[in-house]
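Good morning, and thank you for coming.

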Amino acid sequence: MTYLSPDMTLRPEWIDYNGHLNMAYYGVLFDLGSDPFADLVGMGETYLKATGCTTYTGEFRIRYLREVHEGARVQASLRLLDVGPKAYHYAQELIHADGWVAATAEGISLHVDQDPGRGGPKVAPYPVEVKAKLDAALADHQKTPVPDWVGRPMGLRR
């Protein structure tokens, strides 16, 4: 089952002169919406403080589907697509409180050891317990079909 974040409300300072959410803040919402998932699999802020390891975004692509406006409530889904020894591939949807999808995103999250004493920052393998949680989440997420927009190339419509 895909993970779903708590509700998030669009702030006035995120709205551009066109009257809708500025494109940069879609990324903010996807990022904020993924933080509780990181906590769930043991890689949140506490993990960073305890281990010196964290996650970095290696790649991220957003598709903007529908405008959202000030005060709107949204949630971000997160569905694992693949998990490797040092990174995971995931898909997200930004879902309006009324149930429609405002945007989609696809990304690669890297596990990074930031400790300079260990040569960091550098991409590093997950600890066994974190990898086990990610693998369990992946097995659960694989019970639903991969969205048809995942992995699609970018280009102009002809």
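Predicted model: local features only at pLDDT ≥ 70, side-chain atom pairs only at ≥ 80, totals over all residues.

Residues are numbered from 1 along each chain as its sequence is written, and side-chain values use heavy atoms, with hydrogens and water left out.

A nonpolar core is a set of buried Ala, Val, Leu, Ile, Met, Phe, Trp, Tyr and Cys residues joined through side-chain atoms within 4.5 Å; buried means under 20% relative accessible area with a 1.4 Å probe, protein chains only. The largest such core has 17 residues, and those touching the most other members are Leu10, Leu21, Tyr26, Leu29, Phe30, Val68 and Leu94. A second, separate core of 16 residues includes Val41, Met43, Val83 and Leu138.

Now the pockets. A pocket is an open set of points on a 1 Å grid over the protein atoms alone, where a 1.4 Å probe fits, with protein on both sides within 12 Å along at least five of seven lines; lining residues have an atom within 4 Å of a point. Which residues lie closest to its centre? Of its 20 lining residues, they are Asp31, Ser34, Asp35, Thr55 and Thr57.

The second largest pocket holds about 260 Å³, and its lining consists of Arg61, Arg63, Arg152, Pro153, Met154, Gly155 and Arg157.

Notes: Buried < 20%, exposed > 50% of the residue type's maximum accessible area, 1.4 Å probe, protein only. Points joined across faces, edges and corners; volume = space filled by probe spheres on them.
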